[in-house]
Amino acid sequence: MGQKIYVRNIGEDSLNITVDGAEQAGAIFHHAGRLSVEPELLKRVEIEAGAANATAESGALGGSVRFITKDASDLLKDDQNIGALLKSTYSTNGSSLKNSATIYGRTESGKTQGMLSIISGEHGNYEDANGDEIGGSEAEETLGFVKIKTRLTDEQILSISHENLTEEGNINYKPEWATSSANVAEPTSAERQTTTLNYDFTDKNNDLIDTSITIYQTKNQQDREYSGTNYSGYFETLGLTLENSSLLNNHQLTYGLNYRDDESYYINADVSETGTVAGVYVQDTIDLSDALILSTGLRYDQYDLTESNGQELSDGGFSPNIGITYHVNNTLNITANYAQALRVPEAKDAFKLYSTTAYSSSSDLKAEKSENLELGVNYNTGNLDVGFGVYHSVITDVIGTELPWSKVYLNLDDPIETNGYYLDITYRLDRLVAGLHFHSAETMAGDELATRYVYGSTANSIGDTLALSLDYEFSDNLKAGWSTEMVKGIDDIDLNVGGTDLNVDKPGYATHDIYAQWTPLQDDTLTLTLTINNLFNKQYRSHASVADYTDYAGYEAIVGSYEAGRDIRLSAAYKF
């Protein structure tokens, strides 16, 4: 619950996050993450880093993250119409046991397919590398997921899915901070329900019609106890995306509309906020020649918000983008992209609506705006992929509260500016795959380094990160791999919070993970996997977490938890 998503140091408040097209738009409690997702169900994750093209939907100041779940056809063999997957995983750290059962099938004609998955897991408090319990990290988690997909005609596909994910346990009141006398673990539960309908129509005789419709409802709720008082709230979103793609000469046009209706509700006080956002967009990819591709687009978003005190806010604006890709030859291309995005005040955290005189916005609050400029070089052969890029992004008119955290949202004076570069290398040779991924970014808010403590879900700073990986197939039924993440420390982070000068460090760290996977029956009927995370039992605090402020009087409770120490996991999956 304390985990939050950051993309290039920009947090989930400034990202567009979806599950099968259903946007996870709002938070319940700013000290908790806004999304829980079950990795067993994921087919892939698509990430657009930085303000991108017009199809990224509303509010994608720092980019978008799209979670795509599996279909039954992803699990079925070509000659199979019904099947099941049973899986169990035991983890030594926290004595965790996780079980899942999935049944899936399709009709004899193959036109209709469906899957039902039930997953449950339970673990006690994890232990850090020193053997100390990480308070508030225990949980019981359950998931129910059903998805039905049918081909109505040769040109039409309809998919309906429903997901219900729950988490409960004795969890810290402020999950992003470590356990302390001011932040004890108390009974807490969270639930996410998402229902999604996807419809696709592709006219095989008309290149102008390739249409998709997504209609969704998602509701996140948290119930927690603190010092004998119960707190409950939810954030509910109803949404629609209508999109069409057309091929016209050398143009590939994508255009559509998004609509979202949000409600943030604090149950205890019967207080709510409601907001809507409507957007229209067009994106055009133009083949100017065999070597040169131009992409350009524009979207307009209109936001309306009715706050808990009755105040109404309304604003909107345009977000243009333009990019080029030049293919020097069949293996080398150069890219250059510029994009803007905007986000206007949206419904606030449910737990901030504890009365009609709680958090509110300045009457002249205006939209945040972001700009992203990026240059890249990509080299691809059959064995070697290399990508290098540099980028500059800035968010202006940042929406927040003045330190030390007033209850009035306004546009802050300091922009959030990020300068960074990355290098990605993947090499394949027979049964070996090796990867090197490096990312360096500096994110400043005025003359101060952006920190999670001050900017929460908006921005954070993570040290230079190098990730290395090796995967090797010893045979058709045995493979193994190693990965490491090395994060450079950040020293002397100076902050001024309400007149108090603070200076903190984020120590660097390196972690190693290994795994081995064996399919003893020569196919995927039985899969045995051994994983050891944090192999060398490194004691560290993730840079994505809250730094350590405990040396300062009045800040003794402000520190993120250490990460889990060595964790040995054994899983068995039986597929039939």
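Arginine 44 and glutamate 46 join their side chains in a salt bridge, N to O at 2.8 Å; a salt bridge here is a side-chain nitrogen of Lys or Arg within 4 Å of a carboxyl oxygen of Asp or Glu. The model is predicted: local features need pLDDT of at least 70, side-chain atom pairs count only at pLDDT 80 or more, and totals for chains, interfaces and linings use all residues. Residues are numbered from 1 along each chain as its sequence is written, and side-chain values use heavy atoms, with hydrogens and water left out.

- Arginine 44 has a relative accessible area of 39%, so it is partly exposed (buried means under 20% relative accessible area, exposed over 50%, partly exposed in between; 1.4 Å probe, protein chains only).
- Glutamate 46 counts as partly exposed because its relative accessibility is 28%.
- Glutamate 46 also meets arginine 66 in a salt bridge, at 3.9 Å from N to O.
- This second pair links distant parts of the chain, 20 residues apart: glutamate 46 lies in strand S5 (residues 42–49) and arginine 66 in strand S6 (residues 63–69). Strands (E, at least two residues) are DSSP runs numbered from the N terminus.

**Other salt bridges**
- The count of salt bridges by this rule is 30.
- A salt bridge of 3.0 Å, N to O, holds the side chains of glutamate 374 and arginine 8.
- These two residues are 366 residues apart, with glutamate 374 in strand S21 (residues 368–380) and arginine 8 in the loop between strand S1 (6–7) and strand S2 (10–11).
- Glutamate 374 and arginine 8 are both buried.
- A network of salt bridges links Glu23, Arg260, Asp262, Arg343, Glu346 and Glu368.

**Negative surface patch**
- Asp491, Asp492, Asp494, Asp501 and Asp505 form a patch of negative charge on the surface. Patch residues have over 30% relative accessible area and no salt bridge, and like charges are joined within 9 Å. Asp and Glu count as negative, and the place of a charge is CG of Asp or CD of Glu.
- Strand S30 (490–497) and strand S31 (500–506) are the elements that give two or more residues to the negative patch.
- S30 gives the most, with three residues.
- Aspartate 501 belongs to strand S31, and it counts as exposed because its relative accessibility is 58%.

How values were computed. Patches are made of residues with over 30% relative accessible area and no salt bridge: like charges are joined within 9 Å, nonpolar side chains (Val, Leu, Ile, Met, Phe, Trp, Tyr) within 5 Å. Accessible areas come from the Shrake-Rupley method with a 1.4 Å probe; for residues, only the protein chains shown count as cover. Helices (H or I, at least four residues) and strands (E, at least two) are DSSP runs, numbered from the N terminus.
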